[in-house]
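Below, a few labels used for side-chain contacts are checked against their cut-offs.

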Number of protein chains: 2
Amino acid sequence: MWNHFNIQNGATLFGWSVALERFMDTIILADWLSTRLDRTAAEPMYRQVLELMQQAILTSQLAPGTKLPSSRTLAIDLGIARNTVLHVYDQLTAEGYVVSTTGSGTYVADTAPRDGAARQAKVEETKTPCMISRRGERLIAQAGVSPKQWGAFMPGVPDVAEFPARTWSRLQARLWKRASPDLLTYAPGSGYRPLRRALSDYLRVARSVKCQPDQIIITTGIHQSIDLTVRLLTDFGDRAWVEEPCYWGVRSVLQSSGLTLVPVPVDEEGLNPAARDMAEPPRIALVTPSHQYPLGMVMSLARRRALLEFARQHKVWIIEDDYDSEFRYGSRPLSSLQGLDDAGQVIYVGSLGKMLYPGLRMGYMVVPEHLVDTFRIGVAELYREGQLMQQAVLTEFILDGHLTSHVRRMRGLYGERRELLINAIRTRFGDALAVRGDEAGLHFVLELPPFADDRAVAADALAANVVTRPLVNYYMDRNNARPGLMLGYACVPNDEIAPNFAKLADVIERALLPAAEPQA
Amino acid sequence: MWNHFNIQNGATLFGWSVALERFMDTIILADWLSTRLDRTAAEPMYRQVLELMQQAILTSQLAPGTKLPSSRTLAIDLGIARNTVLHVYDQLTAEGYVVSTTGSGTYVADTAPRDGAARQAKVEETKTPCMISRRGERLIAQAGVSPKQWGAFMPGVPDVAEFPARTWSRLQARLWKRASPDLLTYAPGSGYRPLRRALSDYLRVARSVKCQPDQIIITTGIHQSIDLTVRLLTDFGDRAWVEEPCYWGVRSVLQSSGLTLVPVPVDEEGLNPAARDMAEPPRIALVTPSHQYPLGMVMSLARRRALLEFARQHKVWIIEDDYDSEFRYGSRPLSSLQGLDDAGQVIYVGSLGKMLYPGLRMGYMVVPEHLVDTFRIGVAELYREGQLMQQAVLTEFILDGHLTSHVRRMRGLYGERRELLINAIRTRFGDALAVRGDEAGLHFVLELPPFADDRAVAADALAANVVTRPLVNYYMDRNNARPGLMLGYACVPNDEIAPNFAKLADVIERALLPAAEPQA
């Protein structure tokens, strides 16, 4: 069918070309080229001549069937080396712009689609004829990603300036000295085995996760872990429970994989589904039991058991995002939901970026034993993973004890910063603005009065060079959102907390005060 | 609704607990624990007591409402420090296993779902109650990923042993010395700007790609580039043209994003759609014009123009995967399809892993100007990218000229290896088995006679420790596939080519010879 656009090859050209053939005057082509060549340009002559001739053929200034001058003639007329012209003709031949027939010469090939006239007329009328898709539009419209990824009070990022870069670099250099091919090629499905062993040890002891090294799959982080899970365990149109509010990134990943999201409210004990939610069980439910993101509450044991039982009865998969469990400033972190699961329905996902540095892009998931092969094949098939060198560096970092001591040191530091920020809030606002979810993690929520427009406040703050996220962005139903600001304190040096908060407080105050009547 | 599972809190417990309360005999709990504690284990006493008590509560051996002994009494009976018991009680309280009422003591909380009896009965009957999804099943069933990622004749991998690891490591160490927070946090949508500038310079000159640095988006490779594109530019159920045969990974990515695949045959000039294909234009078409993957032909200029014109008329997006364009052993690589596109409909994608090392996981895409913002937001929202340090190392590597000289050196080396492998084939089989697509890339196809079962041959070869991929795996319609073996020569040291091919040739010969009659 494509044949009606067929290129004229050497064999058919000759018969056909009789009708069309026009012998272009050598002088005309040489003139046309001469006026356009820039003999002082850095771009080599070969490239200039080639591109000009391609252009002339594509725009039909050199029409199909036109016989080109011999390379010798053109070289003389242009005053360039004959080899240059020969190279140009070879490349034009290789790319199909011209065809050469031995003894007969070189002709411009007929490569134009047949309805060339229609094409010329139409090409002007539509500048961007193709549109992005409905799911693409929705994704962009609801995108929560911030234009700034660093600075006070960016939520969800650790203080990377405190990262022991020298230690990391030393381990890295040592490993690169004996970089084996195995570590430079693609990863086998699940990642570097010694790292999986180290992580399973850590998760068993610290998080009461029931797992063997085989159950660990290394990913590039929460986004990929969730993406992989929904692509393996759910179908298009399936319902997914998400916490209301929840992390915006998760919503985008789920929706772009075709899931229908059902926002389920959270209260002080965590996920609290209504009767109508439970009447229509979802295919999958995503929860953050250790530290609800973004509000910070812990899911109670009763709710955990109820959720597991509901999931077991209705065959619901559960993704447990063990968000920020490493950074608790009061009690020990609670055990994982996964540790309570007898039915093999919980997929446990965690991130390493918050403990190390976010740019690392590394996370892990723990999958039930009966799904290990499925996930190993799935991760390799969908993402073709690599980064084994980086995984090997991290393994050394963990086994040498650097991870534990770094997290311990950061816990102390972030605890101090949290106190400093709370003090700054109290000093300025007393108890007028409440702080939520302040015992864990790298951020808390500063609540604003119900009438406040937190998006406007965040936009004004950004203009004053202070990054915050409005709480409303985390709600699917923005009409039910309570206004507030996500404040990340972890990445702000101690002495910059008060001055930055002062800037933010000015913005908040202006926003909350009734506008003064302009003086006449 | 979750309320009927509600935890009994301190206030309500007391009234309710009157009926249920059972004072457990101190001695009995202590005995029960004592027989189960391992005083010689490495696991701390705190952890052992905590886990045993959690277990006892979850299994109702310690029933809801049971009053626990005082921490002092239990400590004495167990012969352990009182602080240990206090910590256990604190953690049990924090996790919601028990509730404490001042002056009245500590009680086991009621956290069991209400239909506990039904649960006990059902828990045995289904060991894996949840199933993977239809799309998950299809993905796993058709997965093309190999269990071995390294060795002769693994297709599609460069020789990572030749990678200048020392140079890379030196640049890396230099950059880590001044690791700025900006490079350790998340990436702004499109990646490290100096790298995008270097890549756009390279693509303009080497590949005739029309682009500014802004149009470059850094990704983790072809898989992510294609995934991002289809999530932004197509909707569920849209039709996608893929070449028949094509790279299996692309098919998996497209299908798991909900596209309906239409395999379009290729001939010697590349994509060759039939009338029925053109009657139903797709939303998107994926092509490998520089070096068809896996067969290796180059798309002719006429076909390129025809495809672009068809796409313009029917508003079809085109993904140009410029596969292996860097490794050509004969003529210069052809210009890109993107360079011919006036309508802004071509998304150009490329990989860096083949030029450097696959484990790097880095690629790039060039998007039309009118889509730059869409793709920048989309990539950050869906994948939350990072790896800026690695991108900075690569930038230095490019700007210092190491990439160019490494690729040049590899082109020579791989050309030699290709010759060695072809010679080995000719020596053994003469012209009986044809070689296809041998002027470019890191692999070629060794054709097998029509009656051969290439999957069986590949499986037998793997048993003999030789990696190949059967060509049939690249076809959607396996009945129309011609049998063949994908042979990657790039990653095999020169002196290992002949011996490894000898092993493979034995397998092929056995497979092609009619089975000898067993001697009686």
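**Contacts and their criteria**

A salt-bridge network links A:R134, B:D235, B:D238 and B:R283. This is a predicted model, in which local features need pLDDT of at least 70 and side-chain atom pairs count only at pLDDT 80 or more, while totals for chains, interfaces and linings use all residues. Side-chain values use heavy atoms, with hydrogens and water left out.

Q: What makes B:D238 and B:R283 a salt bridge?
A: A salt bridge requires a side-chain nitrogen of Lys or Arg within 4 Å of a carboxyl oxygen of Asp or Glu. The closest N and O atoms of B:D238 and B:R283 are 2.7 Å apart, so the pair qualifies.

Q: Why is B:D238 called buried?
A: Buried means under 20% relative accessible area, exposed over 50%, and partly exposed in between (1.4 Å probe, protein chains only). B:D238 has 16% relative accessibility, so the residue counts as buried.

Q: Why is the pair A:W168 and B:W176 called tilted?
A: Rings of Phe, Tyr and Trp (its six-membered ring) pair if their centres lie within 6.5 Å; planes under 30 degrees apart are stacked, over 60 edge-to-face, and the rest tilted. By this rule there are 31 aromatic pairs over all chains. For A:W168 and B:W176 the centres are 6.5 Å apart and the planes at 40 degrees, so the pair is tilted.

How values were computed
Residues are numbered from 1 along each chain as its sequence is written. Chains are lettered from A and ligands numbered from 1 in the order in which they are written.
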